[in-house]
Amino acid sequence: MKNSFDEHLRTVLTEIETDGLYKSERVIASQQDGEILICDSKQNRRVVNLCANNYLGLANNHEIISAAKRGLDEFGFGMASVRFICGTQTLHRELEHTIARYLGKDDAILFAACFDANGGVFEPLLGADDAIISDSLNHASIIDGVRLCKAKRYRFANGEMDELEDRLKEAERDGARFKLIATDGVFSMDGYVANLSAICDLAERYGALVMVDDCHATGHIGDAGRGTPALTGVNQRVDIVTGTLGKSLGGAMGGFVAASKPIIDLLRQRARPYLFSNSLAPAVAAGSIKAIEIAEKADDRRRVLARHTERFRSGLQNAGFELLPGQTPIIPVMLHDARLAQDMARALNERGVYVAGFFYPVVPKGKARIRTQMSAALDDGNIDFAIAAFTDAGKALGVV
């Protein structure tokens, strides 16, 4: 039995590789930064990094590292327990209060990752008599979280407000007790910003709640980096915000839900990823508090990030690349074919630019791309170097 199962797995892996969909992990031999050292077969090489979620460039910030060390010294290495048994420290509550204040919510609750936050937020709050209306491009964690919930499921095409209204009407006809609209704030593969103003208008018209996953926005988008609700002026109209500490806010790990006190209180009682996972490591909690403090005042870093975004987007457009439209630091370079995306990634790696190809099942078939991401850790020289490398590789592969 075991041998036949292993053989089956090898067959599946071979099919994945034959289809050009096999994903290989690369090893970094340095801190996360605008330039990093990658481990090649012969030696470490320095490359320009265009595929980290390190939007504010805080992943190796010395103030955050110092705060994390102090947390380690004062609170230890780990909690060795889930929180409701013996695993909550003052540090965790301080971080939750900091997140809630930063995002203008009553309270917040920490998870090991935002995947867990999204995986655990729906099931405790909604039941079989309720409805979740979800954007078609929502992150996999939202999709999985919705699957775990007994609520009726409805989906609308990305950004299609007329279709969202149709789904809300359908949920009403189906007798939904409570309705919740779930959307990413920034869609991670495309860089699109959700139309939260229109979503909130519809939510109010049909008596629905609004949940926003703001992982790719918190810290670097909107006033003081408070995310897409701040950017679109709907802070007080969004009921639930989920987010991560693993991107702009220091880049370590951990996720959260920020909302009203009754929502957070019920999640503490019934959210399974919270109840059955260890508390965040004290060093991560302490560093994340400092990261939020820095992010809130980081208009200088956000200006650098915006300048890099405009400069890189213009450079690639002028070179003839097909880009998805947008204004966020996520700039997808469309190649459509999975093998071509991987070939382009390899060609750029050879030219000193660190990127990754994205293809099915991460994006739909026929929508393969290189997703580039800007960072305040980059400098203008890095941006010019990357544009030149893209242009040279694109010409070599016949892309431009």
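Biologist: What should I know before I start?

Modeller: This is a predicted model, so local features need pLDDT of at least 70, side-chain atom pairs count only at pLDDT 80 or more, and totals for chains, interfaces and linings use all residues. Residues are numbered from 1 along each chain as its sequence is written, and side-chain values use heavy atoms, with hydrogens and water left out.

Biologist: How are helices and strands named?

Modeller: They are DSSP runs, numbered from the N terminus: helices are H or I with at least four residues, strands are E with at least two.

Biologist: At what angle do α13 and α15 pack?

Modeller: Axes are lines fitted to C-alpha atoms, for helices over the stretch in contact, and angles run from 0 to 180 degrees between N-to-C directions. Here α13 (residues 299-319) and α15 (residues 380-396) pack at about 20°, with axes 10 Å apart. Angles under 35 degrees count as roughly parallel, over 145 as roughly antiparallel, 65 to 115 as roughly perpendicular and the rest as oblique. So α13 and α15 are roughly parallel to each other.

Biologist: Which residues of α13 and α15 make the contact?

Modeller: Contact means heavy atoms within 4.5 Å. From α13 come Arg307, His308, Arg311, Phe312, Gly315, Leu316 and Ala319. From α15 come Asp380, Ile383, Asp384, Ala386, Ile387, Phe390 and Thr391. For classes, Ala, Val, Leu, Ile, Met, Phe, Trp, Tyr, Cys and Pro count as nonpolar, Asp, Glu, Lys and Arg as charged, and the others, Gly among them, as polar. The contact of α13 with α15 has seven nonpolar, three polar and four charged residues.

Biologist: Is the crossing of α4 and α12 left-handed or right-handed?

Modeller: A crossing is left-handed if the near helix is turned anticlockwise from the far one by less than a right angle, and right-handed if clockwise. α4 passes α12 in a left-handed crossing. Helix α4 (residues 90-103) and helix α12 (residues 282-296) pack at about 25°, with axes 9 Å apart. That makes α4 roughly parallel to α12. In the contact, residues of α4 including Leu91, Leu95 and Ile99 meet residues of α12 including Ala285, Ile289 and Ile292. This contact divides into ten nonpolar, three polar and three charged residues.

Biologist: What about α5 and α6?

Modeller: The axes of α5 (residues 114-125) and α6 (residues 140-148) come within 7 Å and cross at roughly 30°. The crossing is right-handed. Among the contact residues are Phe115, Gly119 and Phe122 of α5 and Ile142, Gly145 and Val146 of α6.

Biologist: How many cavities of 30 Å³ or more does the structure hold?

Modeller: On a 1 Å grid over the protein atoms alone, a cavity is a set of points where a 1.4 Å probe fits but cannot get out; a pocket is an open set with protein on both sides within 12 Å along at least five of seven lines; lining residues have an atom within 4 Å of a point. Grid points are joined across faces, edges and corners, and a volume is the space filled by probe spheres set on the points. The structure holds three such cavities. β3 (107-111) and α11 (272-275) each supply at least two lining residues.

Biologist: What is the volume of the second largest pocket?

Modeller: About 220 Å³. It is lined by 13 residues, and the closest to its centre are His220, Ile221, Ala306, Gln327 and Pro329. α13 gives the most to this lining, with five residues.
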